[in-house]
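Morning, everyone. Please bring up the sequence and the model, and keep both open while I talk.

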There are 2 protein chains.
Amino acid sequence: MSDEIVTPTPSPSPSAPPVPTGPPPKVTNRGRTAVPIASSNSDTTDVPEFEPFGAPGPRGFPPLTEFLDIWDVNMIKRPDEINRKQHHTVLYNSDNLIVRRGQEFQIKITFNRPYKPAEDKFALEFAIGSSPQFSKGTYIPVFPTSERQSTWTGRIINTNENMVTMGITPLASCIVGKYNMYVAVMTPFGIRRTRRDSSRDLYILFNPWVADDAVFLDDERERDECVMTEMGIIYHGAHGDIAERDWNYGQFNYGVLDACLYIMDRSDMPITNRGDPIKVTRKASAMMNSRDDEGVLVGNWSGDYTYGVAPTSWTGSTEILTTYASSKMPVAYAQCWVYAAVFNTFLRCLGIPSRVVTNYYSAHDNDGNLRTDIILDDTGRIDRNRTKDSIWNYHCWNECFMTRPDLPPGFGGWQVVDATPQETSDGMYRCGPASVQAIKHGHTCYPFDAAFVFAEVNSDVVFYSRSRDGTLELVKVNPTHVGRLVLTKTPGDVSRRDITDQYKFPEGSTEERTTLEKAEEYGCKREKSNLPEADVDLVLPTLEVSVGDDFELNMEFINRSDERRVVDAYISGSVVYYTGVTSSEFMLRSPRVTIGPNKSVKELVVVESKSYMKHLVEQANLHFIATGKIKETGQIVTAMKVVPLHNPKLTVTVSEGGKVSEEMTVTVEFKNPFSFDLEGVYIRMEGPGILMPKFKYYSLIPAGSSLTWTEFFTPHRAGSTRMIAILDCPALRQVQGQASLTIEP
Amino acid sequence: MSDEIVTPTPSPSPSAPPVPTGPPPKVTNRGRTAVPIASSNSDTTDVPEFEPFGAPGPRGFPPLTEFLDIWDVNMIKRPDEINRKQHHTVLYNSDNLIVRRGQEFQIKITFNRPYKPAEDKFALEFAIGSSPQFSKGTYIPVFPTSERQSTWTGRIINTNENMVTMGITPLASCIVGKYNMYVAVMTPFGIRRTRRDSSRDLYILFNPWVADDAVFLDDERERDECVMTEMGIIYHGAHGDIAERDWNYGQFNYGVLDACLYIMDRSDMPITNRGDPIKVTRKASAMMNSRDDEGVLVGNWSGDYTYGVAPTSWTGSTEILTTYASSKMPVAYAQCWVYAAVFNTFLRCLGIPSRVVTNYYSAHDNDGNLRTDIILDDTGRIDRNRTKDSIWNYHCWNECFMTRPDLPPGFGGWQVVDATPQETSDGMYRCGPASVQAIKHGHTCYPFDAAFVFAEVNSDVVFYSRSRDGTLELVKVNPTHVGRLVLTKTPGDVSRRDITDQYKFPEGSTEERTTLEKAEEYGCKREKSNLPEADVDLVLPTLEVSVGDDFELNMEFINRSDERRVVDAYISGSVVYYTGVTSSEFMLRSPRVTIGPNKSVKELVVVESKSYMKHLVEQANLHFIATGKIKETGQIVTAMKVVPLHNPKLTVTVSEGGKVSEEMTVTVEFKNPFSFDLEGVYIRMEGPGILMPKFKYYSLIPAGSSLTWTEFFTPHRAGSTRMIAILDCPALRQVQGQASLTIEP
């Protein structure tokens, strides 16, 4: 070899890095993983019909006569047959078998001749996703004999001539999704199996009825509500004036189960993770929103819903989920209760017990920081330019029920998951599962996002006074405003259930203090200053007001001191979004109030509808903040009150005597009560078991005029149900109506 | 009002949802948050030069003569001045002041007249991001008097005629990033302040030298290595044949600090979170890779790096980070050590102590599942089609040092963060910070991703035998193969340091068993079967082999029984990627070995270079798996060995007598030792304080020929350093060379 010098070929620019040019790099995983990780339930790998043994011996296709041949496989999949009944899956509108894990189901196989247990060897094979593997739990053979058992158990229940009824019990921790099923017969030449037949595909769901399942819920009433109930109630409005919204979760409707599996596929969630309710719920909390990952729903709080459906306009989840699965595009638009409602459908559909809860005065976007700051100027008036935090009037999230083997004992049970994208949560638009027990006891160190949820129910409201040179002085801390009330629907009833005590110990109790101290150990910082309490109290009344009404606000000043007190007060009224964000201030009064020793004085403020009507946004809420500075002591007093304005109602009337398969009518009536026209009006209507989602569009409803919409429908199952309707337009959101009815068989 | 009936305007399709048409929806946050959350350090809000007080009083611009006027502000920012020296930021190549939090720095202000403490009121104001707010820690006024103090403390150090030297101590938990600085003077009319001047912008970094900082590291030697050292060593190769790679982290190079801030801006990380090292490191672990979030580096394990730079070709982080910041596009390509190295630069640059560690035999992509499955067929031979898990020969990640206030006491200190995208980690391509203490003790329930890292060092290798009918039978569990060795560089030295004991208790110890039991409590499942131990051992030798060499593999069979044993063995040799993924099998032997009672037999296998040379990929590793079935007992014996092939070396020679600012030369020499040509060859070279990254491209190096590249350079600082060079081309990866040198002042 010669030692020739090679002349270097100069590169275009010797010191600059070679910036990639041309087409974008195509990166494969060759060298990274042996096979791509199966993350789609719709991808399948066909198993060969004949798999010859590699061992020496006679070759060729085995003679058909000698060994078992399969003539028919009956999945026993009709809703009125044993499998669906025993597995609580009768209501699913699907042509395939749907069963739950950890519980036996049956399949009937007809051979060409009677089965001889001593000689014949066959197995049922279940496979899910691409590249199914036994060690990953994605390929499971099930044997009929007790000597030979795999992870799922099998047994012969019955033999009748050529027909064998086999019982199969999937592992209570198996993967949830859609499986392919094969019957395989062993011959000395190899394995012969049935061809793939999509009518034999079966869905295996979570099973809250079985003790070995991580989602086991040992309470029939709760289980019936949180898994089987389609029609729900979501609470909104304000603490002190709670409003209800009916919602049709529709988890059994045609296409919904497939849409739920599609959501997991779309998220590239590995198939092997889909048996773990912790992983499924965490992933799904990210996938419900379109941030990061092209998930189900586009959030919009802007008031402009021109290019989609207003969040206030939806009546149920079915339309949203089936649209997402068919368009493969995020659906517009959602706000918190829409995220929670659609997530609830997902969870109930897969068999994870779940409920929607509403937290009144929910601290937000504060990333585990336990405070919401309100800035007053040096005269005691709120400084709206500098007050940037907001407290949501209410926020909806979900609870789902499961064990938590990843945490120390005691943190199983209800878990918070939240699909509403939180701007500053752990960098991702997802939240939970966070153990409700861990939140109650301040163990915010446990995954996932417990500190974040803890702050949503426990933050302090901190008032600062801003001095002339720009520095802030702490003037008041309100530790009880946030997380005032947590509600969910009562199982089996249409009433509300207060579950605040599951999140918090009673105010002022020793346990409450211990909890807050525990949370502080884990980095939740609180404002800890012993401010002297002001000796004047300021109380704003609770009011119920309808949209368009004039009303009076009677503010009370109570002097608890033995001296006269003069208060320079500011009363500010503004229109707010339900997120607590101020749209516009429509009223400001600044009375000076003089109160005798140990006396109280009422200050009456008249609010005329014309002052607020032109400013209304969304779910119409008025927010009053009263602040004042006591002249004698310099102390600051404050009070806040949200007044939700009540909307008019829709009248929903259903014809008498409902029977399965007999046509009925429903009529929706509405009268525009205002002196202005309503434009761009949608009415949506649906009812579980009676009507799939329908809508009508009205370009104009003139001031004072009425409309009537009559629709025919045919109930397809018996029982109590409700027809719900919502009217929605930019000028008037979420006008609701409903009618209860019972369908006879 | 008349009760007219409005005719409904039929919508296009009454039952279909109104699919959005036209331009995509523009969603704003109006109604969602009061102001957008500040998440960019490059966005700033200019503070007004004059801010009149709203209170009643005289109006108009204050007379300039009466109050303090600011003539000059000296940031004392030069590297040779007091601030940079005391704050250990001398080495940063930047024109701005760079200091660390929790420690005083100085600013000199020259007024128009002497400062009168009793009458004059002024403050220094520091602001970061848009909409700076005092309550969020993004706007901080600092006062010169002890009566009046904000969150950061200030004092007058010195007054000299018109000049005041002020000392400012930022809070030890303040936000890390680039601040604007203003001097504000209070007048009775309002606040007057200096105009924004970018030369007065200052960077505030984490401070490992200060006890109040969450990243405080009380060990001078470690701190010097993990914060201040630019040239590092990253270990690779295989357990038993460890190789080293030099890497220039370059954290002080021009543009690197700005690139690190850009990475956080690009991730939309809220400014308010940037003081918390837990949040900063977690977010950055996601941002180092381009998955999900258009982060810094594109991963590629395919062997085809045509459109970018081969992962094996980089010599340091500078080129990567500055390219990312200027192109605003992910940089191609990376594998694990590149992710870890660039992440290390990010961490050291911001002042978080960090080091790159290498775990030998790292279990991967198993999502906290404690096992790696190897499938043998019924004759005992490995079934490569069905063996889909892989064990990486090594994997690199980072450790960073910090307190963990979010966890119970005892879990602070070193934390694992990993920027290499893991396919099946918690749904996101990020990992950590996970407490090393928590991993060691099996407390895998603590965030973040401790279970995942625990599995990387503790998984079992599980051998299955696949029977003819497709079911698997467990035949062997190897609990000690994975996580055999964890290495990092010794502080202040170029030797390796074994830190395996920080991750694991000694094998077979009581503590080890307790740890594994604890981890199992938290859902890490292990294979627990008492398989009888085979009485034949199979041992593969450790070898050191150069690329192109023929060599012998002397496999030993040891019979520990008192009877004769016959083993039908399979010895499979394949070329593997460092990820353990098999590229191609180049050798297979199937000897039958007979071993007398309590005897051993050696089986010699000759491996010729021609058999493997044409199959080589990437970092050339040969992987030998020997398996066998003992005829008498049916038991399976196994052994595995990775043989990394040693590459030729580059010769790097530096001219004698280096002095600051005096030109020197470096020469890189290489001879192609092969009988084939090398094509598309890049050589990269750099050295801290002496040479910024340079590269040359050679289209062809003919078989047997040599090349010489000579480069001039001018050292810009004194001290010991190294010049490192790498030659890389598709046929021959990472040929390294280096030269140590000392630069005199």
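B:Arg274 counts as buried, at 1% relative accessibility. Buried here means under 20% relative accessible area, exposed means over 50%, and partly exposed is in between, with a 1.4 Å probe and protein chains only.

Some ground rules. This is a predicted model, where local features need pLDDT of at least 70 and side-chain atom pairs count only at pLDDT 80 or more, while totals for chains, interfaces and linings use all residues. Residues are numbered from 1 along each chain as its sequence is written, chains are lettered from A and ligands numbered from 1 in the order in which they are written, and side-chain values use heavy atoms, with hydrogens and water left out.

Back to the arginine. B:Arg274 sits in the loop between helix H3 (256-266) and helix H4 (277-287) of chain B. Helices (H or I, at least four residues) and strands (E, at least two) are DSSP runs, numbered from the N terminus. The side chain of B:Arg274 makes a polar contact with the side chain of B:Asp265, at 2.8 Å. A polar contact is a pair of N or O atoms within 3.5 Å; within protein, one must be able to donate a hydrogen and the other to accept it, and residues adjacent in sequence count only if both atoms are side-chain atoms. Leaving aside neighbours within four places in sequence, B:Arg274 is in contact with residues including B:Ser39, B:Ile175 and B:Phe206. Contact means heavy atoms within 4.5 Å.

Now helix H3 in chain A. Nine of the 11 residues of H3 (residues 256-266) of chain A are buried, so the helix is largely enclosed by the rest of the structure. Among them are A:Cys260, A:Tyr262 and A:Asp265. What do the buried residues of H3(A) pack against? Their partners in chain A include strand E9 (177-187), helix H4 (277-287) and helix H6 (336-350). Just after H3(A), A:Asp268 takes a positive phi of about 60°.

Next, a buried histidine. B:His481 lies in the loop between strand E22 (472-478) and strand E23 (485-489) of chain B. B:His481 is buried, with a relative accessible area of 5%. Its side chain makes a polar contact with the side chain of B:Arg484, at 2.9 Å.

On to the annotation. An unreviewed UniProt entry lists A:Asn458, A:Asp460, A:Glu507 and A:Glu512 under "binding site". They span 55 residues in sequence, yet no two of their C-alpha atoms are more than 13.9 Å apart, so they gather at one spot. UniProt positions are given in the numbering used here, feature names are shortened, and annotations may be inferred rather than shown by experiment. A:Asn458 is in helix H8 (residues 450-458) of chain A. Buried or exposed, A:Asn458? Buried, with a relative accessible area of 10%. A:Asp460 is in strand E21 (residues 460-466) of chain A, and counts as buried at 1% relative accessibility.

Last, a sheet. Three strands of chain A form an open antiparallel sheet, in the order E34-E35-E38. Strands E34 (651-654) and E38 (706-713) of chain A stand at the edges, each with a single partner strand, so one side of each is left without a neighbour in the sheet. Two strands pair if DSSP finds at least two bridges between them. E35 (residues 664-671) of chain A and E38(A) pair over eight bridges. A:Phe670 stands opposite A:Leu707 in E38(A).

That's my tour. Over to you.
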